[in-house]
Protein chains: 2
Amino acid sequence: MNAASAYTSLEDRFRRLSTLDQVAGVLHWDLAAIMPSGGAETRAAQLAELEALRHGMLVADDMGDLLDAADAADLDGWRRANLKEMRDRWIKASALTEDLVVALSRASSTCEQVWRQARPDADFKSIVPSLSEVLKLAREAGGAKAERLGVDAFDAMMDDHEPGARAIDIDPVFDDLADFLPGFLDQALSAQAAGTDLITPEGPFPTAAQRDLATTLMTALGFDFDHGRLDESLHPFCGGVPDDVRITTRYDEDDFTSALMGVLHETGHAMYERGLPMDWRLQPVGEALGMSIHESQSLLIEMQVCRSPEFLTWAAPIMRAAFDGDGPAWEATNLGRLYRKVERGFIRVEADEVTYPLHVILRYRMEKALIAGDLAVADIPGAWNDAFEALIGVPVPSDREGCLQDIHWYAGALGYFPTYTLGAMTAAQLYQAARIQDPAIVPGIATGDFKPLMAWLRANVHGKGRSVSATELVTAATGKPLDANAFKSHLRARYLDGVTEAA
Amino acid sequence: MNAASAYTSLEDRFRRLSTLDQVAGVLHWDLAAIMPSGGAETRAAQLAELEALRHGMLVADDMGDLLDAADAADLDGWRRANLKEMRDRWIKASALTEDLVVALSRASSTCEQVWRQARPDADFKSIVPSLSEVLKLAREAGGAKAERLGVDAFDAMMDDHEPGARAIDIDPVFDDLADFLPGFLDQALSAQAAGTDLITPEGPFPTAAQRDLATTLMTALGFDFDHGRLDESLHPFCGGVPDDVRITTRYDEDDFTSALMGVLHETGHAMYERGLPMDWRLQPVGEALGMSIHESQSLLIEMQVCRSPEFLTWAAPIMRAAFDGDGPAWEATNLGRLYRKVERGFIRVEADEVTYPLHVILRYRMEKALIAGDLAVADIPGAWNDAFEALIGVPVPSDREGCLQDIHWYAGALGYFPTYTLGAMTAAQLYQAARIQDPAIVPGIATGDFKPLMAWLRANVHGKGRSVSATELVTAATGKPLDANAFKSHLRARYLDGVTEAA
């Protein structure tokens with residue numbers, strides 16, 4: 001087979017593989033958003049079968065030869081990048097046996113389902129056996145991949161979520177933030193206490209009104225309901241496929257703020273998925289880059305844009321009208337204090353952006369210890385509670401607000417957490433550059449026109465797919481590789497300097 | 001390979017195949033119930049890919065040898081029946097090329113999506129190209145299967161939905177019903193006109209109250225919401241998988257009757273799926289028998305049971321309470337007149353059981369003509385309207401109430417319609433036998449206790465899976481093969497003799 005037809009044949013195969021990934025994506029969405037509990041066992045079997053088929057196609061006997069043959073083809077940049085992605089996937093997949101792939105898929109489905117009950121019950125003991133099984137298999141898979149990639153097991157696990165991520169690069173950044181943030185948190189809390197008192201808008205906030213408001217703001221940001229949905233689930237997420245992107249939230253009728261910002265966060269993810277290059281649908285190079293870029297898109301929308309004075313100036317009257325609100329609680333300045341409130345809370349997904357990295361660093365250090373064998377599953381709650389009090393300064397009331405709050409480990413996602421904070425740093429650096437490069441972005445936001453912002457993101461982030469690495473993308477868009485400076489500047493400007501004057 | 005291990009190996013393969021069928025079932029449910037329109041193209045690709053994989057697994061090179069080898073094994077009745085089902089599927093699948101399977105899957109998805117807009121718009125013209133494509137491919141596939149089965153193309157299509165169904169057997173029964181029913185309809189309408197006037201309960205009937213009532217009655221019948229859902233869709237259906245059975249309905253706030261009986265109908269389907277033999281999950285022999293038995297289960301619940309005086313005596317106060325009703329409109333006798341009302345209506349899914357077979361016979365004759373090449377796609381509306389007036393006696397107002405009302409042809413399901421009337425006949429014959437065999441069934445229904453009925457159905461129908469043929473099942477349960485006598489007796493008893501006295 002000649003080089004060009006080898007490449008074409010690979011595109012065909014990976015189109016089929018991506019289609020299977022999409023099918024699994026729809027099933028995962030269904031499982032998390034609407035599946036009745038009694039469907040869990042058959043759903044686990046369905047997902048495991050898809051994994052087995054996917055794995056079988058990926059490690060087909062002639063795949064290595066095809067990849068080698070295609071290497072000699074005359075390929076443009078996108079195709080060359082596509083071929084590189086194909087090879088990466090083949091290397092990782094061929095490190096694993098089909099039995100291990102299926103066992104891990106089943107164990108994760110089972111454990112995730114146990115978690116759905118263990119979390120509300122704050123019953124960590126009930127999940128120890130299934131989490132132990134997940135960890136055992138994840139470690140086995142991570143070890144096998146690590147050998148092929150020439151890294152250690154935890155790096156291999158991170159690589160699945162964030163290509164190129166290595167603990168040796170992340171540790172110093174996180175250590176620096178773990179030094180910087182507790183002191184900064186004290187300062188921010190003092191500044192907040194010295195500022196004008198927050199007036200909490202009074203509820204109740206009916207779910208239907210919250211959903212309508214969310215829909216209005218999503219639409220303004222550019223979310224297309226012909227290509228997506230908004231639903232409810234215990235753990236908010238963005239799922240589905242690029243042409244049918246589905247986000248979820250959870251409503252609290254006593255407090256509209258968390259569901260609303262959650263929706264705007266997931267809308268950032270959704271806009272990224274929708275904006276991926278149309279010409280490369282169903283090819284590896286057309287998919288989202290690592291999770292740090294994905295998270296940068298949700299955090300750029302939620303944290304950088306939607307909690308800014310400009311956005312709230314525009315959105316305050318819309319929010320007030322949605323709940324028939326009245327009085328000073330609904331003024332943009334007060335909503336700014338509400339949406340930029342800093343506190344020592346327990347729940348990561350509800351955390352402000354000052355404490356958020358501390359939540360992440362806690363999890364990152366613990367999962368590294370779990371994989372290294374330095375922490376036993378049964379000791380997770382104690383280790384969590386000790387680390388939490390040390391980093392964030394308050395005692396954890398129960399495992400529901402502690403180590404059971406997040407789905408990740410229980411669904412088999414180890415090494416995922418650091419991408420949240422890499423994403424926060426990336427969001428700050430991208431948004432800083434965007435505002436400089438297009439001065440129409442901020443005035444647009446202040447009038448509810450998000451087109452300039454979205455155009456910049458489409459051109460510099462969404463439309464790139466995986467044609468470049470995260471480092472290349474950030475460098476091209478901002479003029480330098482990722483560091484924590486923009487993030488720290490943003491925190492100082494918003495939580496120290498800006499606390500008294502902004503909307 | 002020895003015979004026993006050949007059989008075991010086949011069970012493994014068919015377990016994987018059934019799992020893929022389940023995955024497709026979930027995707028189909030999603031498509032029909034909740035998918036945004038923009039997801040149609042990728043969903044079609046997903047379903048086509050699953051079809052291709054399924055087909056590839058089914059026609060694997062060694063499948064014929066495995067089936068032959070397993071034939072020599074010492075198998076009990078269930079395993080023997082399982083092996084027969086496997087062979088049938090292999091014969092049908094190997095008649096088709098993967099290209100044709102994929103093309104038909106894609107064309108059906110596309111056409112179904114066009115139908116979703118064409119129907120409300122009453123725009124038949126818009127669907128002519130895609131329906132023509134579906135018919136062309138369906139005819140090609142039917143012809144190829146027909147050759148392998150030694151029947152003609154339309155019989156081969158029916159065989160997919162109802163194993164063993166042949167036009168030569170159905171034609172005389174349908175001709176007889178087409179002779180009998182128009183005259184009977186006149187008599188029933190006269191008897192109705194001579195009886196007490198119906199008082200129509202006054203709405204509006206809020207959707208939420210209708211859903212609550214539906215949920216209450218579903219639960220009483222035995223539907224388990226840990227293993228299923230109730231949602232909304234344009235065309236009500238029962239989908240999902242046996243351990244996660246999902247039914248849909250459509251609500252009309254001016255008239256609660258249609259959604260409610262629709263739900264009870266789909267609950268009959270759902271109870272069948274849930275009651276399939278647990279020991280044979282994911283094996284061909286553990287699946288539902290042909291669609292006539294499936295439809296017999298929905299019609300037995302809806303028509304035989306839930307429109308009976310006994311059921312309505314029990315349910316009337318529950319219905320009244322659901323809508324805060326009051327007065328004589330909500331008495332069981334009046335609700336009986338409401339739920340046994342006969343009229344010359346246009347919509348099959350809303351038709352009474354007297355006219356229903358006429359709707360079916362119309363479609364059956366037309367689809368036979370379409371496949372035989374005696375009717376062109378463009379001529380469907382005219383042919384439909386002429387036949388409708390001849391059989392049911394009123395002119396069709398528009399294609400929305402005419403040839404565009406049903407999804408079947410547009411989704412590629414040809415030869416499906418006759419199973420509805422075979423199902424109605426089967427329902428009457430089964431329920432007649434059940435009441436004789438267990439005298440506790442009717443008194444149970446009158447007090448809201450459906451356990452005796454469900455126990456009889458589990459033992460005689462649900463739990464049989466595909467271990468016997470439809471004819472064997474009906475003969476074993478009722479003492480004789482299917483005929484139209486019980487159905488005709490039921491109609492006479494209910495619509496002529498019973499019209500003046502019953503609840």
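This is a predicted model: local features need pLDDT of at least 70, side-chain atom pairs count only at pLDDT 80 or more; totals for chains, interfaces and linings use all residues.
**Stop 1**

Show chains A and B together. Superpose chain A on chain B: a turn of 180° with a shift of 0.0 Å along the axis does it, at an RMSD of 0.0 Å. That relation is a two-fold axis. Both copies use the same surface, and 100% of the contact residues of chain A recur in chain B.

**Stop 1: the interface**

Select the residues of each chain that contact the other. Interface size is often quoted as the accessible area lost when the parts come together. Here chain A and chain B bury about 2,700 Å² between them. Carbon and sulfur atoms account for 59% of that area. Now pick out A:Arg16, A:Pro36 and A:Glu49. These supply 19% of the area that chain A buries against chain B, more than any other three residues.

Turn to polar links across the boundary. Between chain A and chain B there are 12 residue pairs in polar contact, both partners at pLDDT 80 or more. The interface also holds 4 salt bridges. For one of them, select A:Arg246 and B:Asp30; their side chains meet with N to O at 2.8 Å.

Next, colour chain A by secondary structure.

**Stop 2: A:Thr207**

Move to helix α9 of chain A, residues 207–221, and select A:Thr207. Is A:Thr207 buried or exposed? Its relative accessible area is 18%, so A:Thr207 is buried, the cut-off being under 20%. Leave out neighbours within four places in sequence and show what remains in contact with A:Thr207: A:Glu232, A:Tyr251 and A:Glu253.

**Stop 4**

Side chains of opposite charge can pair when their charged atoms come close. Over all chains, the whole structure has 70 salt bridges.

Start with A:Arg79 and A:Asp76. Their side chains form a salt bridge at 2.7 Å, N to O. A:Arg79 is partly exposed at 32% relative accessible area. A:Asp76 is also partly exposed, at 37%.

Go on to A:Arg166 and A:Asp159. The closest N and O atoms of this salt bridge are 2.9 Å apart. A:Arg166 counts as partly exposed at 21% relative accessibility, whereas A:Asp159 counts as buried at 10%. Now widen the selection to A:Lys92, A:Lys145 and A:Asp160. Together with A:Asp159 and A:Arg166, these residues are linked in a network of salt bridges.

Finish at A:Asp176 and A:Lys488, a salt bridge with its closest N and O atoms 2.9 Å apart. What does the pair tie together? A:Asp176 lies in helix α8 (residues 167–194) and A:Lys488 in helix α20 (residues 485–497), so the bridge joins parts of chain A that are 312 residues apart in sequence. A:Asp176 is partly exposed, with a relative accessible area of 32%. A:Lys488 counts as buried at 13% relative accessibility.

Technical notes
Residues are numbered from 1 along each chain as its sequence is written. Chains are lettered from A and ligands numbered from 1 in the order in which they are written. Side-chain values use heavy atoms; hydrogens and water are left out. Buried area is the accessible area (1.4 Å probe) that two parts lose on being put together, summed over both. A polar contact is a pair of N or O atoms within 3.5 Å; within protein, one must be able to donate a hydrogen and the other to accept it, and residues adjacent in sequence count only if both atoms are side-chain atoms. Helices (H or I, at least four residues) and strands (E, at least two) are DSSP runs, numbered from the N terminus. Buried means under 20% relative accessible area, exposed over 50%, partly exposed in between (1.4 Å probe, protein chains only). Contact means heavy atoms within 4.5 Å. Copies are superposed by least squares on the C-alpha atoms of residues with pLDDT of at least 70 in both.
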